[in-house]
Amino acid sequence: MNEAATILVVEDQRAERDALSRMLETESYRVIAARNLREALAHVYESIVLVICDLRLGGESGVDLLREWRHSQEHTPFIIVTAYGDVPSAVTAMRLGAYDYLTKPVDPAALLRLVNRLIRNARPDAPRTTPVDDFSFGQLWGRCATMRDIFERAKRAAVTNSAVLILGEPGTGKHLLAKAIHERSERSKSHFVTMNMAALPITRIDGELFGQQYVSGASGDEAGKLDAAHRGTLFIDEIGDLPGETQAKLLRVIEERAYTPLGANEKRHVDLRLITATSHDLAALVAKGLFREDLFYRLNVVTLHLPPLRERTDDIPHLVEQLLEERCSAQGKPVPYIDAELMDALTRYRWPGNVRQLSNVVESMVVMSQGRALTIADLPAELRHEVQDRDSHDALAEGRALEVLERHAILEALEKHGGNRTRAADALGISVRTLQRKLKMWGIAGEV
């Protein structure tokens with residue numbers, strides 16, 4: 001069914017170009033292959049519905065092809081193929097109009113899904129639909145396999161009424177995931193009510209959750225979170241901090257679908273969906289007797305574990321670009337360019353505060369920046385010093401590793417040539433003077 005769709009493949013490596021072409025032709029696409037910008041631009045006025053282009057084309061760049069192509073054919077979708085180390089450049093290509101990028105080695109199934117979706121929406125005889133973003137769920141975004149699996153499982157859980165337990169470090173987006181599940185559920189037209197156990201004094205938890213009914217003559221009753229979430233969703237964050245007595249009361253609410261406000265005598269029925277989250281190891285708390293096992297199993301019907309940002313570094317460049325656009329729009333500022341050194345630093349940083357910390361750092365840079373480009377100098381001072389100290393340590397460690405290899409090679413050459421320094425130096429391609437200087441520096445000049 002795809003014989004009318006022509007795809008331009010631009011790749012300077014013949015083996016990769018041929019493999020990609022054969023894969024697309026197997027799907028009945030017509031493929032035009034090009035080795036460089038000149039060959040690719042020769043087809044700019046043909047009926048090309050999609051361009052798949054390697055970022056590095058010998059001494060040329062796929063970004064340059066994208067710029068040139070846009071002058072004549074503004075709406076042709078581009079897919080950029082890039083090595084892991086070139087992700088910041090691929091993100092730049094997306095800001096220039098590329099639809100998406102894939103890192104090598106390319107997953108054939110993922111590429112074909114992307115191609116089929118783009119072709120389906122580009123062909124004139126196909127119904128126009130809005131492309132589905134496989135990499136987002138609500139306000140969460142993630143390209144890595146772990147995040148895509150979470151999104152898929154969350155979508156399946158959303159259409160049920162089952163309890164969901166979300167695990168993850170602080171700042172990973174547990175609240176956003178819970179809200180997205182609510183918004184995709186049948187309860188989306190009712191309230192999404194949140195309650196954070198870690199933010200409440202123990203003496204206030206029961207009143208906040210169950211509400212308060214005062215004696216006659218006192219001021220009006222206070223509704224609790226259970227009442228506010230009736231027919232909607234109640235999200236309890238840091239459920240691991242729930243006191244033992246309140247754990248027993250919450251279990252009864254789940255089992256009986258009813259509760260009794262403080263100071264009241266009659267039960268109130270409640271219809272809600274319960275989503276909980278914690279940064280603690282809830283199973284470990286159960287093992288220690290700090291959390292009720294029966295409540296744990298009632299909350300743990302569907303479990304979603306959000307990974308820390310340091311475990312999905314491929315997502316960081318896009319997250320940075322996304323956050324940058326949001327913050328600049330809020331501040332009324334033009335979106336600046338992020339230089340490669342800064343993007344590399346952001347990608348390699350371990351982010352103990354996860355996406356929340358990344359968001360705060362991006363906002364700080366937007367507020368304080370004055371130029372059209374963001375650099376390492378625009379990082380908040382503490383983070384900048386930490387990044388620079390880490391880079392110095394890495395450089396020192398790398399230098400030490402090279403020195404070990406160099407020493408091993410010289411000593412091995414000397415042994416092979418019976419201690420003859422001239423022959424050893426010739427074999428290593430260095431001068432005798434350099435060899436002697438190295439031996440002296442290592443304190444072994446007289447030992448060989």
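Student: In which helix does S21 lie, and is S21 buried or exposed?
Tutor: This is a predicted model, in which local features need pLDDT of at least 70 and side-chain atom pairs count only at pLDDT 80 or more, while totals for chains, interfaces and linings use all residues. Residues are numbered from 1 along each chain as its sequence is written, and side-chain values use heavy atoms, with hydrogens and water left out. S21 lies in helix 1 (residues 14-26), where helices are DSSP runs of H or I with at least four residues and strands are runs of E with at least two, numbered from the N terminus. Its relative accessible area is 9%, so S21 counts as buried (buried is under 20% relative accessible area, exposed over 50%, partly exposed in between, with a 1.4 Å probe and protein chains only).

Student: Which residues does S21 touch, leaving out those up to four places away in sequence?
Tutor: Contact here means heavy atoms within 4.5 Å. With residues up to four places away in sequence not counted, S21 touches V9, V31 and A33.

Student: How many helices and strands does the chain have, and what percentage of its residues count as buried?
Tutor: The secondary structure comes to 18 helices and 18 strands. Among contacts between residues at least 6 apart in sequence, 67% join residues at least 24 apart. Of the 448 residues in the chain, the part that counts as buried is 45%.

Student: In what order do the strands of the open sheet run, and which strands stand at the edges?
Tutor: The open sheet has 5 strands with parallel pairing, in the order 11-12-15-10-16, and two strands are said to pair if DSSP finds at least two bridges between them. Neighbouring strands of this sheet are turned by 20° against each other on average, direction ignored, the axes being lines fitted to C-alpha atoms, for helices over the stretch in contact, with angles running from 0 to 180 degrees between N-to-C directions. Each edge strand has a single partner, so one side of it is left without a neighbour in the sheet, and these edge strands are strand 11 (192-196) and strand 16 (302-305).

Student: Which residue of strand 15 is the bridge partner of T233, and which is that of V164?
Tutor: Strand 15 (residues 273-278) pairs with strand 10 (residues 164-167) in the parallel sense over 4 bridges, and strand 12 pairs with strand 15 in the parallel sense over 4 bridges as well. The partner of T233 is R273, and that of V164 is I275.

Student: How many residues of strand 15 are buried?
Tutor: On one side of the strand R273, I275 and A277 are buried, and on the other L274, T276 and T278 are buried, so that both faces are covered. The number of buried residues in strand 15 is therefore 6 of 6.

Student: What does helix 10 span from its first C-alpha to its last?
Tutor: Helix 10 (residues 244-256) has 13 residues, and the expected span is 18 Å at 1.5 Å a residue, taken as 1.5 Å times one less than the number of residues. Its buried residues, among them L250 and V253, pack against several elements, including helix 8 (202-210) and strand 12 (233-237).

Student: Is E238 buried or exposed, and which is R231?
Tutor: Both have a positive phi without being glycine, near 50° for E238 and about 70° for R231. E238 is in the loop between strand 12 and helix 10, whereas R231 is in the loop between helix 9 and strand 12. With a relative accessible area of 11%, E238 is buried, while R231, at 54%, is exposed.
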